[in-house]
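Have the structure open and follow along.

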Amino acid sequence: MKLNKLNHSKKILNIIEKTITEKNLKNIIKLKILDIEIEKKEFKKAEKMISKIKKKDWENIFMNKKGDIYFFGKKNKLALINWKKSLKYQIDNKSKEIIKMKIQKLNK
């Protein structure tokens with residue numbers, strides 16, 4: 001049942017994403033689709049999808065998301081690399097703290 005809802009949500013988001021021209025809104029939708037792929041444990045699909053996304057001005061967010069994909073996919077070394085890259089681009093202190101907590105959790 002949950003898988004059907006996730007697939008349905010992804011289908012709707014894909015349709016919406018194709019009709020939108022505003023770059024920032026497209027990226028938000030793509031992030032939501034990535035969340036669905038992670039929830040479905042489709043890490044290979046998520047990795048492939050994130051590598052095709054144009055990330056300029058969104059680098060910190062996508063590096064953080066890429067770290068999440070690798071973490072849940074049990075690729076801890078790659079998760080650390082991407083979270084650390086995300087920290088370099090991060091401006092917001094709250095986001096930095098969250099990423100630092102992820103890194104600390106992984107280093108334990």
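## A buried glutamate

E37 has 2% relative accessibility and therefore counts as buried (under 20% relative accessible area, with a 1.4 Å probe and protein chains only). This residue is found in helix 2. Leaving aside residues up to four places away in sequence, E37 touches K10, E42, K45 and A46, where contact means heavy atoms within 4.5 Å.

## About the model

This is a predicted model, in which local features need pLDDT of at least 70 and side-chain atom pairs count only at pLDDT 80 or more, while totals for chains, interfaces and linings use all residues. Residues are numbered from 1 along each chain as its sequence is written, and side-chain values use heavy atoms, with hydrogens and water left out.

## Helix 2 with helix 3

Helix 2 (residues 23-39) packs against helix 3 (residues 43-52) at an angle of about 160°, and their axes are 8 Å apart. The two are therefore roughly antiparallel (angles over 145 degrees). From helix 2, K30, I33, L34, E37 and I38 make the contact, together with F43, K45, A46, M49 and I50 of helix 3. By class, this contact has seven nonpolar, no polar and three charged residues.

## Helix 1 with helix 2

Helix 1 (residues 2-19) and helix 2 also pack at about 160°, with axes 10 Å apart. That makes helix 1 roughly antiparallel to helix 2.

Terms used. Axes fitted to C-alpha atoms, helices over the stretch in contact; angles between N-to-C directions. Helix = DSSP H or I, 4+ residues; strand = E, 2+ residues; numbered from the N terminus. Parallel < 35°, antiparallel > 145°, perpendicular 65-115°, else oblique. Nonpolar A, V, L, I, M, F, W, Y, C, P; charged D, E, K, R; others polar. Buried < 20%, exposed > 50% of the residue type's maximum accessible area, 1.4 Å probe, protein only.
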